Amino acid sequence: MNATIRIKLSFMMFLEFFIWGAWFVTLGTFLSRNLGTTGFQTSLAFLTQSIGAIIAPFVIGLIADKFFSAQRILGVLHLAGAILLWIASSSTTFDGLFPVIVVYMILYMPTLALVNSISFRQMKDPSREFSSIRVLGTIGWIIAGLIIGWLGWEQANQLALTFKMASVASLILGLFSFTLPSTPPVKKGEKTSISEILGLDALRLLTHRSYLLFFLSSIAICIPLQFYYTFANQFFNEAGMKAAAGVQSLGQVSETLFMLLIPVFFIRLGVKKMLAIGMLAWVLRYVLFAYGDAGANYWMLITGIALHGICYDFFFVTGQIYTDNLAGEKFKSAAQGLVTLATYGVGMMIGAFVSGPIVDAYTIAGGHDWKTIWLIPAGIALLVTILFLLLFRDSQQNGKVIQQA
C-alpha cells in the first residue's frame, strides 16, 4: 500500500467515526434537555443503532457485494446522511426527530462495514496494516468529543449544533468517498442465497457448547452496556461534570491503548480470562458511577470512564478473535456478522427496552436517582459474569482457541 492510499484510508476512518461521535455521545442529553423526553423515549432513540445493525447485512449482501463499488455506495450513503443530520438539528419534538434518526442509522450502520471492506481490499497483510489505519477512527471519535467540550455546547445548551457538525463532516466524507480506491463488488454476477446474506451459514458455530455460551453472553452483557451508551452523558451532565463529552473521550484513549496490548494479553491469559475480565470491568465501572460524583469522588467517574478500554477490548475484540479462530476461512465474514447481530443488534435492542423504563422509574425532583440506576446494570453484568465463569470452557495453544464441548 502506497502512502497516498494510506492517507486516504486514514482520513476516511477519521471522518467515519468523527461523524458518529459528534452527535451520538450527547444524544441523551440533547433529548432530555431540548425535547423533554422520558427515559423510555431516549432509549428508543438509541434503539435506532440496533435497527441499523440488523438491516446492515441486507445492504452489504444485496447491494455492495453484487452491484456497485463500495466507495460509491459509501459516498451516496454519507451524502444522504448529511441531509438527514441537518434536518435532525432543527427538530423540536421527539416525534419529529425519531423517524429521521431511524432512517439515518439504517443508512449509517452499513458504512461501518463498507469502510472496513474498502480498507481490507487495499491491503496485502490486513493483520499488520489495518490497526494503524483503524486507530484514526478512534481518534476521530475523541476529537469530536473534545470539540464539543471545548466549545461548551453542553453547558450552553447548544447541542443541536452537534448534528450540524456531524452533517458537515458527513458531506465531506460523502464527496471524499468518490476519490477512494476502486472497490468493485466481489460477487457480481453470482447467485447469493438468503442464508449467505444473513450469515446463517455461521450458525453452525452455535453447535459448539462453549461458543453458544459466548454468543448468549454477548447478548446478555450488551443489556447493561446500553445503559452506558444511552444515559452516561446525561448522568455526567446532571452530576455537574464540566465538558462531559470531552471527558468521556478518555474512554476512547483507553480503548486505543488496550487495543495495542490485546495480542500480548490474549496469548498469556486465553479466551475465558480475557472475556471475564472485560465483563467484570463493566461491573466495576457501574459501581464507580453509582458512588461517584463531581466533588470528592470525581476520581470514581474518571476511573469508570477510563475502564472503557478494558470493557470494550477485553470482551468485544477478544470475542472477535475467538470467533475468527473458530469459524474457519470460509465462514469468517459470516461469523463476524453473527457477533455483530448478537451485540449491536439483539443485545442492545433488549438493553434499550430495559434501560429506559428503569431510568423513568427512578426519576426524582430535579433529576434521577443515579445510584440505584447504575447498580442495576452492575448487578446484571455481575450475574452474566458468574454464569459465564461457571459454564464456559476453553483451552489455548499458541494463541489458537481449541474448542471443548
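1. Helices (H or I, at least four residues) and strands (E, at least two) are DSSP runs, numbered from the N terminus. This is a predicted model, where local features need pLDDT of at least 70, side-chain atom pairs count only at pLDDT 80 or more, and totals for chains, interfaces and linings use all residues. Residues are numbered from 1 along each chain as its sequence is written, and side-chain values use heavy atoms, with hydrogens and water left out.

2. Start with Q248, in helix α10 (residues 244-248). Q248 counts as buried because its relative accessible area is 6%; buried means under 20%, exposed over 50%, and partly exposed in between (1.4 Å probe, protein chains only).

3. Look at what surrounds Q248. Beyond its neighbours within four places in sequence, Q248 is in contact (heavy atoms within 4.5 Å) with V25, Y228, A232, N233, F236 and I305.

4. Now the largest nonpolar core. A nonpolar core is a set of buried Ala, Val, Leu, Ile, Met, Phe, Trp, Tyr and Cys residues joined through side-chain atoms within 4.5 Å. The largest one has 115 residues, and M12, W20, W23, F236, F289 and W374 touch the most other members. Helix α11 (residues 250-291) gives this core its largest share, 14 residues.

5. Take W374 in more detail. Not counting residues up to four places away in sequence, W374 touches F227, Y228, F231, A232, F235, Y286, F289 and A290.

6. Finally, L383. This residue lies in helix α15. L383 is exposed because its relative accessible area is 52%.
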